[in-house]
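Here's a quick tour of a two-chain model, starting where the chains meet. Have a look at the structure first.

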Amino acid sequence: MSEVTIPQSTRAEIAVTACSDLFHGQGDILASPAGIIPTIGARLAALTHAPDLMLSDGESTIYAGVPALEHQGVPGGYLPYRELFELIAAGKRHVVMGGAQIDREGNHNFSAIGQHSKPHRQLLGARAAAANTINHRTSYWIPKHSRRSMVERVDFVTGVGRTRAENAGKRAARFHQVHQVVSNLGVFDFSGPGHTMSLVSIHPGVIVEEVIESTGFALNIPDAVQSTRLPNRQELHLIREVLDPLQRREQEVRS
Amino acid sequence: MPSKVIDSAALNGLFSDGMTIGIGGWGSRRKPMALVAALIRSGARNLRIVSFGGPDVGMLCATGQVKEVIHGFVTLDSIAVEPHFAAARQAGTIKTAELDESMLVSGLRAAGRRLPFEVTRSGLGSDVLTANPQIRTITSPYEDGDTLVAMPAVQLDLALIHLNRADHLGNGQCLGPDPFVDDLFARAAQCTILSAESVVSTRELVEGHHPATLLLNRTMVDHVFEAPGGAHFTTCLPDYPRNEELQREYAHSASSPALWEEFRARYIDNEHASTPGGQQ
């Protein structure tokens with residue numbers, strides 16, 4: 001397919017394809033995206049390069065096929081709450097979690113802000129972030145990349161970064177795999193010294209200084225900074241006409 | 001066999017100060033709100049509440065009856081953070097044992113199986129373990145030598161559960177999309193109180209429904225309480241969806257003590273109030 005004449009992509013659409021690319025090479029696992037853009041991204045992956053991905057409504061129904069964002073979807077399987085933990089323990093999942101804070105070493109927090117015994121702000125709680133990170137591949141989605149969300153040290157570790165997993169005991173990290181972070185500014189991984197966060201690519205329209213300025217710790221920046229790829233014509237069609245015709249993606253990340 | 005069906009006077013007599021009470025359902029879904037309202041009216045205090053938390057936890061925080069909450073989250077689903085729980089946390093008036101959800105499942109399962117703990121990887125490396133130093137890790141006794149979490153049994157004095165239907169023997173039927181872990185709560189408890197939208201004969205339970213819908217068998221249930229609308233304002237599918245309007249009113253009542261007192265007087269203090277946990 002020619003990519004010469006593709007129409008202009010929005011930042012949200014670039015983030016959608018970045019989320020889709022998180023699932024490269026994966027099939028017969030449950031993709032569990034949190035947030036609008038990762039949800040469109042996982043469905044885009046299932047419609048393009050990862051047709052064997054399993055998708056669910058996030059409650060008890062596994063979809064047959066790939067529904068649009070606003071559609072109920074056709075049931076193709078059953079995944080009640082308790083079975084999710086069996087699936088997690090078996091490692092058959094890639095979760096994309098949101099979070100209030102992520103730190104330099106890939107630790108994650110959506111429990112509470114401030115001192116945990118009497119927090120400044122109570123959030124969701126521990127949920128299953130610890131189970132997810134220690135059992136299967138985990139990525140993160142940060143729609144508002146800022147010094148408040150990208151912090152030197154999270155206030156409470158719910159999702160576990162590599163160093164903490166390795167230090168948790170013998171073979172504690174054997175199934176641990178924190179993959180990448182996609183934000184509204186770029187894509188990141190933990191390939192830096194001591195598994196610290198590194199810039200993989202910046203989204204077109206973003207400059208490196210903006211990423212550095214918006215991050216509350218010293219990011220590893222490669223000498224030659226890559227640009228996040230643009231969606232191709234087929235992907236743009238699927239995003240705009242099939243998966244998200246109401247453009248909910250543009251509410252989560254504004255261009 | 002004698003009937004396990006009880007009336008509200010008998011129900012009131014089952015609650016006492018200092019109990020550890022497990023509450024079934026999930027978030028703002030199929031919560032036993034009629035039983036929670038009865039617990040509030042009983043005035044029992046210094047409670048330890050174990051829950052995949054929703055408005056059950058929030059209400060008991062608002063009434064000041066809770067000493068400690070053992071939970072993995074507390075949410076109203078369509079309102080992400082439970083405001084009454086958040087208020088109690090931010091004021092520092094309650095203790096919490098915040099667990100990974102799967103650890104709480106493990107703890108309940110261990111209790112039901114009469115085991116001291118269940119082995120899991122969940123929690124390793126997280127602050128769930130540092131914040132709960134009573135939870136220990138162990139080393140696998142086999143060649144692998146893996147470090148694992150020994151999640152201690154979460155034993156309950158009481159379990160409160162709401163299902164679509166029950167019979168007088170204590171068989172409980174879940175007709176909704178997800179049983180959550182209500183059966184684990186029932187087995188983890190010394191005493192399980194099951195409320196149901198309707199109490200019918202055993203024969204009626206299986207007319208038109210597969211026996212697989214019978215989530216609880218009578219070995220798991222001690223008392224049955226008929227409570228039409230008994231999960232209201234939370235979901236009780238297929239009988240009714242969540243009453244989002246009433247939930248918003250409930251959430252809004254966290255913004256001032258006067259609003260909460262008004263909500264409580266209208267919906268909880270009067271046993272025959274229309275909601276929650278009464279006739280819809």
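How many residues of chain B are in contact with chain A? It's 38 residues of chain B, against 35 residues of chain A; contact here means C-beta atoms, placed from the backbone, within 7 Å. Keep in mind that this is a predicted model, where local features need pLDDT of at least 70, side-chain atom pairs count only at pLDDT 80 or more, and totals for chains, interfaces and linings use all residues. Residues are numbered from 1 along each chain as its sequence is written, and chains are lettered from A in the order in which they are written.

Helices (H or I, at least four residues) and strands (E, at least two) are DSSP runs, numbered from the N terminus.

Now for helix α7 of chain A, residues 233–243. Its buried residues (20 or more other C-beta atoms within 10 Å of their own) are A:Glu235, A:Leu238, A:Ile239 and A:Leu243. They cover an arc of only 95° around the axis, which puts them on the same side of α7(A); the arc is taken from the directions from the helix axis to the C-beta atoms. Their cover includes α1 (11–21) and α2 (36–47) of chain A. On the other side, A:His237 and A:Glu241 are exposed, that is, with 12 or fewer such atoms.

Leaving aside neighbours within four places in sequence, B:Phe185 is in contact with B:Gly22, B:Gly24, B:Leu108, B:Leu156, B:Ala159 and B:Ile161.

Notes
Contact = placed C-beta atoms within 7 Å.
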